[in-house]
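Q: Please walk me through this structure feature by feature. Give me the rule, then the case.

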Amino acid sequence: MGITVNNNLFTIHTKNTTYQMKADDKGFLLHTYYGKRTDDTDYSYLIDMKDRGFSGNVPQSNGDRTYSLDYIPQEFPVLGTGDYRVNCLQADLGSGVKDCLLVFDSYKVLKGKYALEGLPALFAKEDENVETLEIVLRDYYEEFYVRLLYGVFEETDVITRAVILENKTDKDINISRIMSTCLDINKSGMDMIHFYGRHAGEREMERTPLFHGITEIRSTRGASGHQQNPFVILAEKNTDEDMGECYGFSLLYSGGFNIQAEVDQTHQTRLVMGIDDSDFSWELKAGESFTTPEVCISYSDSGLAKLSHNYHNAFLNNLIRSTWKDRQRPVLINNWEATYFDFTYDKLIKIAEEASELGLDMLVLDDGWFGKRDSDYSGLGDWYVNEEKLGCSLKELAERVNDMGLMFGIWFEPEMISEDSDLYRSHPDWAMVVPGREPIRGRSQLVLDMTREDVLEYIKKRLFAIMDSANIQYIKWDMNRSLAAVYSAKLPGNRQGEVRHRYVLGLYSVLEALLERYPDLLLEGCSGGGGRFDAGMLYYSPQIWCSDNTDAIDRLKIQHGTSFAYPMSTVSAHVSVCPNHQNFRVTPFKTRGICAMQGTFGYELDLSKMTDEEKDMAKEQVRTFKQHYRLFQFGDYYRITSPVENREYTAWEYAAKDGKEACLSVVFTDQHGNPTPQLIKFKGLLPEKEYRVLRDNEEVGRYTGAALMNGGIILPVPKENYDSCQFYASVEQI
Ligand code: DGJ
């Protein structure tokens, strides 16, 4: 039993963790425990009640000055209760003042996992032991209800949370802040690990101590963004990959978000996470409800690797729905860095012919195939094939490609509109522009108003028409700017604060319709690389283009950061040409292959211009990737060294869940004269078994799992800048 309830004490157990709350005798829902699995003890005895001074007392305290929500750990703190810490809800219930006072109303335990209408959410697999706990709070004075939902995934050690607000009063309620989750932890001194970046440099891991005050990670861009990611970890000081306590928080949302961690006056830590509230308001009319995005939380007492495995397992098993999630993904060639906008039928066919020779599986036609689109100044919105440029219809092109034994995929950027487009000329009001003001442009384009039904209908109509016109098995769904001057002509001035969230709901509804109509479509998310790499998108797309930066060495940090929350089979990575187009670095072809194999693996260069030696290496890379495919997709991923901390080399490993095989890759990032020996240790093997170890397909010895994990193995000396090697250890082959 995952959930037990005893006298309003709610204890949730997963395989290795326990989470507990209590509705106390005054009606407040306290948070009493989250950590290593324990028993059903009522942990509210750990709350140290004292008159702290200047901390408000709610009416229910009946004059007891030691009872203040200002330091009592809570499940869902709100503004206006004398708790001055960061909160989850700011609601004006009609008085003009943003305060409400939530007390316990009722609860339900249900089999299976709740779903959220119009929003991504984890789901239970058939026969999986998943339960839902619903706790209802209500305002002490008004018929305003807050339903707290908990999804309990026992096996994967994750718990989901979401909130539904219900206005059962007869007046409108104005919501100006609604977070999806809060976690109060009765200690301080923890580090926050978060993932910051920029275009072409996403999700670099940063670890900083929390101080007394508020640490904030936020995106105000209307998308989750390149600059911050809606995933953070709180870790004890001594926590590393293999040991120590840590908590993970992932928001399943692709719009702007806000994460705040506050260390308070009594040295407790509170983390809240939800929709960005910097430009948010929501008019909740009488009888209406509002659902927040879901948060997926997890706890590990054995380090960051275990925390990542919890997320990887949960996202692979319970979030990604695509029929592709268990299927071998095609190794693709994308023409973007090969041709940019400058392609012809002949160029594409040449690339496809080479791809077929090398054993690749799919050609992806990137930007530039539609409307008037020879640069990024025009054409967006005109989703009609430019047959003149293509030299044939899309159907003919796809057929030709299919005849070579390749699948065919295509690029779209449906949320955008160019001012130089037929669509803009006929529907200027479909673009988000504040009336009477010049638009704020990004990449010279405007954003379509995704809150409008007519816009969504147009996008679906054109997408479906193109899809139906040819054998298209893959779509790369791009989004190449952040939102700014966000405005919808369909909403009154006082409701413009709803636009950003309604935009995300509109996007999700189109993605849902697309996948419903084409369930076998392989959808790859993209936003100028990894600008929308979040768990919300994974609900629709089983893989996401990780970064526009294809340099193998820069990718080490980007892919390392991405790996903390997201399974590596979702990380789209390609081999590209050298000098690299983004940073002009030259790296060995071999290393580029090894780095791309860290993710979904593919190519993005003019294959017809490769040397014979490169072609042979590419064939070998494709063969290796396909040979170890199951290991890469279903194995446990280990960060062996960190590119942020180790200047010498970066290493990572995939170990089969049964421990019988592993692939460990190493990329040297520095080299020296008179090199000193470098040892590397495997993880996740069976100590008592003997493994045959290959390095770059040559046997280097036979060792026990214990030896490989505790003694390790000596790395070769790098022979050139950014050299690399790949070890494969297997019990089976002996
Ligand atoms: C940004 C993407 O990340 C690139 O891979 C490419 O598809 C371009 N957009 C096309 O405009």
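Q: What volume does the second largest pocket have?
A: This is a predicted model, in which local features need pLDDT of at least 70, side-chain atom pairs count only at pLDDT 80 or more, and totals for chains, interfaces and linings use all residues. Residues are numbered from 1 along each chain as its sequence is written, and side-chain values use heavy atoms, with hydrogens and water left out. A pocket is an open set of points on a 1 Å grid over the protein atoms alone, where a 1.4 Å probe fits, with protein on both sides within 12 Å along at least five of seven lines; lining residues have an atom within 4 Å of a point. Volume is the space filled by probe spheres set on the points, which are joined across faces, edges and corners. Here the second largest pocket comes to about 440 Å³. It is lined by 29 residues, with H199, N480, G528, G529 and D548 closest to its centre.

Q: Why does the second largest pocket lie between domain 1 and domain 2?
A: Domain bounds come from an automatic or database domain assignment. Domain 1 (3-318) and domain 2 (332-545) both contribute lining residues, so the second largest pocket lies between them.

Q: How does the lining of the second largest pocket split by class?
A: Ala, Val, Leu, Ile, Met, Phe, Trp, Tyr, Cys and Pro count as nonpolar; Asp, Glu, Lys and Arg are charged; the others, Gly among them, are polar. For the second largest pocket that gives eight nonpolar, eleven polar and ten charged residues.

Q: Which residues lie nearest the centre of the largest pocket?
A: They are E117, W282, H501, R502 and L505, out of 25 lining residues. The space in this largest pocket is about 570 Å³. Its lining has eleven nonpolar, eight polar and six charged residues. Domain 1 and domain 2 each supply at least three of the lining residues.

Q: Which element gives the largest share of the lining of the largest pocket?
A: Elements are DSSP runs numbered from the N terminus: helices are H or I with at least four residues, strands are E with at least two. Helix 8 gives the largest share, five residues.

Q: What order do the strands of the open sheet follow?
A: Two strands pair if DSSP finds at least two bridges between them. The nine strands run 29-28-27-26-23-22-21-31-30, with parallel pairing. Strand 29 (571-572) and strand 30 (574-576) are the edges, each pairing on one side only. Strand 30 pairs with strand 31 (602-604) over three bridges, in the parallel sense. There, H574 stands opposite G602.

Q: Which strands pair with strand 26?
A: Strand 23 (407-412) pairs with strand 26 in the parallel sense over four bridges. G409 has Y474 as its bridge partner. Strand 27 (522-525) also pairs with strand 26, parallel, over four bridges. Here K476 is partnered by E524.

Q: Which way do the residues of strand 26 point, and are they buried or exposed?
A: Buried means under 20% relative accessible area, exposed over 50%, partly exposed in between (1.4 Å probe, protein chains only). Y474 and K476 point one way, I475 and W477 the other, and all are buried.

Q: What handedness does the β-α-β unit have?
A: View the strands pointing away from you: a crossover is right-handed if the path from the first strand over the helix to the second runs clockwise. Strand 26, helix 8 (499-517) and strand 27 form a right-handed unit.

Q: How many residues of helix 11 are buried?
A: Seven of the eight in helix 11 (589-596) are buried. Among them are F589, I594 and C595.
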